[in-house]
Amino acid sequence: MFWLSIAQRSEAFDPITTNRRPWAKVKKFWQFCRFYGDYQATPPSLRRQFIIDRAQSRHPAKSCSTQLQ
């Protein structure tokens with residue numbers, strides 16, 4: 001029982017247990033539901049652009065001036 005309480009509070013285990021906590025799973029499910037709802041609400045002709053815009057907003061492109069520094 002002592003080991004279990006240490007393992008749950010240890011900083012070394014935080015990256016491992018973060019994705020296994022129930023709240024993390026609920027949060028991921030909620031994000032998926034929001035994305036899927038927005039995707040379904042988008043007209044079929046604009047869905048491809050919706051995906052492209054979403055990917056670009058997550059990973060903005062670096063300009064040439066920032067790469068030279």
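Student: Which residues form one aromatic cluster here?
Tutor: This is a predicted model, where local features need pLDDT of at least 70 and side-chain atom pairs count only at pLDDT 80 or more, while totals for chains, interfaces and linings use all residues. Residues are numbered from 1 along each chain as its sequence is written, and side-chain values use heavy atoms, leaving out hydrogens and water. With that in hand, the one aromatic cluster is made by F35, Y39 and F50.

Student: How are the rings of Y39 and F50 placed: stacked, edge-to-face or tilted?
Tutor: Rings of Phe, Tyr and Trp (its six-membered ring) pair if their centres lie within 6.5 Å; planes under 30 degrees apart are stacked, over 60 edge-to-face, and the rest tilted. The structure has four aromatic pairs. For Y39 and F50, the centres are 6.3 Å apart and the planes meet at 50 degrees, so this pair is tilted.

Student: Which parts of the chain does the pair of Y39 and F50 link?
Tutor: Helices are DSSP runs of H or I with at least four residues, strands are E runs of at least two, and both are numbered from the N terminus. Y39 and F50 are eleven residues apart, and their pair links distant parts of the chain. Y39 belongs to helix α3 and F50 to helix α4 (residues 47-58), so the parts linked are α3 and α4.

Student: What pattern does the chain follow along the sequence?
Tutor: The chain has five helices and zero strands. Read along the sequence, that gives α-α-α-α-α.

Student: Is Y39 buried, partly exposed or exposed?
Tutor: Buried means under 20% relative accessible area and exposed means over 50%, with partly exposed in between (1.4 Å probe, protein chains only). Y39 has a relative accessible area of 24%, so this residue is partly exposed.

Student: Which residue has its charged end over the ring of Y39?
Tutor: To sit over a ring, NZ of Lys or CZ of Arg must be within 6 Å of the ring centre and within 35 degrees of the ring normal. Here the charged end is 5.0 Å from the centre of the Y39 ring, and it belongs to R47.

Student: Leaving aside neighbours within four places in sequence, which residues is I51 in contact with?
Tutor: I51 is in helix α4 and is partly exposed at 36% relative accessible area. I51 and Y39 are twelve residues apart in sequence, yet 8.2 Å apart in space, C-alpha to C-alpha. Counting contact as heavy atoms within 4.5 Å, and with those neighbours left aside, I51 is in contact with F35 and Y39.

Student: What about T42: buried or exposed?
Tutor: T42 sits in the loop between α3 and α4. Not counting residues up to four places away in sequence, T42 touches R47 and F50. Its relative accessibility is 13%, so T42 counts as buried.

Student: How much of the chain do buried residues make up?
Tutor: The chain has 69 residues. Of these, the buried share is 9%.
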